[in-house]
Amino acid sequence: MPEDRWKPSVTVAAIIEREGRYLLVEERTSQGLQLNNPAGHLEPGESLAEAVAREALEETACPFVPQALVGIYLARLVHARTGEDIHYLRFAFCGAVGEPEPGRVLDEPVVRTLWLTLEEVRGSAARHRSPLVLQCIEEHAAGRRFSMDTLVTHESVRRLGPLLHK
């Protein structure tokens with residue numbers, strides 16, 4: 001008989017800082033316009049580093065190369081409108097960001113990107129999609145970094161089709 005297992009939703013976030021300002025996205029949510037780090041879900045077949053580079057590009061139009069892990073966070077969110085109770089396992093990365101790619105459209109539901117100072121990020125906390133938005137930025141600003149070698153993607157992630165256990 002199959003066992004129901006609890007499975008958190010795995011997400012990635014890009015903590016992008018340039019000249020004392022952090023890149024956030026403003027996005028439409030069921031709670032109105034909210035601010036978030038460029039972030040999204042891990043997709044089948046990709047590494048965490050590939051996922052954060054993809055999500056940052058899709059949401060900001062800027063190429064992003066993750067260079068360090070800022071932290072791994074487990075958080076719970078109960079959606080006010082639906083009552084859905086979800087646990088998120090977030091991997092936050094910092095790294096190098098390029099200039100926006102001309103003509104690239106931001107993914108829905110992103111409305112625009114904003115470069116905010118740390119004080120402006122703190123002052124906008126009531127509009128953050130999650131408390132992790134500020135926490136990840138605060139920890140980045142404090143110098144928290146872990147080597148990318150901390151994360152390993154096993155070759156089995158890249159295989160298509162079912163895996164057979166021997």
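Which residues does isoleucine 137 touch, not counting those up to four places away in sequence? Some notes below.

1. Before anything else: this is a predicted model, where local features need pLDDT of at least 70, side-chain atom pairs count only at pLDDT 80 or more, and totals for chains, interfaces and linings use all residues. Residues are numbered from 1 along each chain as its sequence is written, and side-chain values use heavy atoms, with hydrogens and water left out.

2. On the opening question, isoleucine 137 touches Ile15, Tyr22, Leu24, Asn37, Leu118 and Val121; contact here means heavy atoms within 4.5 Å.

3. Ile137 also sits among the residues with the most contacts inside the largest nonpolar core, alongside Ile15, Leu24, Ala92 and Val121; this core has 21 residues. A nonpolar core is a set of buried Ala, Val, Leu, Ile, Met, Phe, Trp, Tyr and Cys residues joined through side-chain atoms within 4.5 Å, and buried is under 20% relative accessible area with a 1.4 Å probe, protein chains only. Elements giving two or more residues include strand 1, strand 8 (110-117) and helix 3 (132-141). Helix 3 gives the most, with 5 residues. (Helices are DSSP runs of H or I, at least four residues; strands are E runs of at least two.)

4. Apart from that one lies another core, of 14 residues, with Leu48, Ala51, Leu69 and Phe93 among them.

5. Alanine 75 has tyrosine 88 as its bridge partner in strand 7. The two strands form a hairpin with 6 residues between them, and glycine 83 in the turn has a positive phi of about 80°.

6. Serine 9, in strand 1 (residues 9-15), counts as buried because its relative accessibility is 19%. Beyond its neighbours within four places in sequence, serine 9 is in contact with His41, Ile86, His87, Tyr88 and Leu89.

Technical notes. Buried means under 20% relative accessible area, exposed over 50%, partly exposed in between (1.4 Å probe, protein chains only). Two strands pair if DSSP finds at least two bridges between them.
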